[in-house]
Amino acid sequence: MIPFVNFTARVEGHPSDALSRRYEIRGFPTLMILDASGKKVATPDGRDIASFSATIASLEALDSLRARKDAGEVGLEASILLARLQLGSIDFKQAAKQRKALVKPKKFESSQWEADLVEIDALLFNLKLADMFQNAGRDPDKQAELGEKLYVMAKNGRFASGPMTYQYWSQVMLVAKKKKDVKVYEAGYNALHAMFKDNPRAKKVLAEMKAELDAMR
């Protein structure tokens with residue numbers, strides 16, 4: 001396994017630009033782990049030793065799941081897909097296809113299967129959102145169209161989680177404010193407050209959001 005690949009910047013025409021396109025690099029710097037064939041197997045959550053160590057441990061756990069499956073143990077397909085999603089080694093289209101193909105084995109009573117599906121669906125939704133943001137880019141019209149789509153998702157109770165939370169709600173709350181939708185705006189404020197309430201740098205922004213929410217009521 002190639003330990004780590006670090007994409008720090010994109011330069012048109014540079015040899016590394018082909019690698020950026022191959023691995024669909026969306027931001028810089030980007031860290032990933034490749035196997036000996038050059039296939040991406042993981043994307044570390046951070047750039048410190050603890051993050052790298054956790055990623056290696058997760059890869060080892062995935063190898064263990066695959067070994068158990070190869071040995072004949074049933075009902076591990078959902079856990080394997082979840083592990084790959086958590087590691088960032090599978091894209092949205094591939095993961096969605098595999099999710100659709102998942103069928104719980106007959107007479108398989110493990111509650112882990114259902115729990116894995118809940119997490120898989122949440123991660124798939126985040127991947128879908130990431131693609132939507134990528135496609136919208138910085139085009140004002142596309143950004144406005146994206147905001148409307150996300151607002152409808154929020155109205156229907158489909159919310160982002162984890163690292164997509166801020167990006168998602170920032171767009172949704174702009175639309176909710178224009179539409180004077182207190183319920184959706186409040187849902188966004190509550191989600192962001194829960195995530196950033198202990199961050200001193202977010203105190204001012206959260207206070208402004210709270211003031212806007214009070215004014216809308």
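The model is predicted. Its protein chain holds nine helices and three strands, and buried residues make up 35% of its 217 residues.

**The chain as a whole**

- Among contacts with a separation of 6 or more, 49% join residues 24 or more positions apart.
- The accessible surface comes to about 13700 Å², and carbon and sulfur atoms account for 54% of that surface.

**The nonpolar cores**

- The largest nonpolar core has 27 residues, and Leu129, Leu150, Tyr168, Trp169 and Val172 touch the most other members.
- Helix 5 (111-136), helix 6 (140-155), helix 7, helix 8 and helix 9 (203-216) each give two or more residues to this core.
- Both domain 1 (46-136) and domain 2 (139-217) supply at least three residues to this core.
- Another core, of twelve residues, lies apart from the largest one; its members include Ala78, Ile90, Phe108 and Leu124.
- Leaving out residues up to four places away in sequence, Val172 touches Leu150, Tyr151, Ala154 and Val184.

**A closer look at Asp181**

- You can find Asp181 in the loop between helix 7 (165-178) and helix 8 (182-196).
- Asp181 counts as buried because its relative accessibility is 11%, and the cut-off for buried is under 20%.
- The Asp181 side chain reaches the backbone nitrogen of Lys183 at 3.3 Å.
- Not counting residues up to four places away in sequence, Asp181 touches Tyr151, Lys155, Ala176 and Met216.

Conventions:
Residues numbered from 1 in each chain as written. Predicted model: local features only at pLDDT ≥ 70, side-chain atom pairs only at ≥ 80, totals over all residues. Heavy atoms only, no water. Helix = DSSP H or I, 4+ residues; strand = E, 2+ residues; numbered from the N terminus. Buried < 20%, exposed > 50% of the residue type's maximum accessible area, 1.4 Å probe, protein only. Polar contact = N/O pair within 3.5 Å; in protein donor to acceptor, adjacent residues only side chain to side chain. Contact = heavy atoms within 4.5 Å. Core = buried A, V, L, I, M, F, W, Y, C linked by side-chain atoms within 4.5 Å. Domains from an automatic or database assignment. Areas by Shrake-Rupley, 256 points an atom, 1.4 Å probe, with all protein chains shown as cover.
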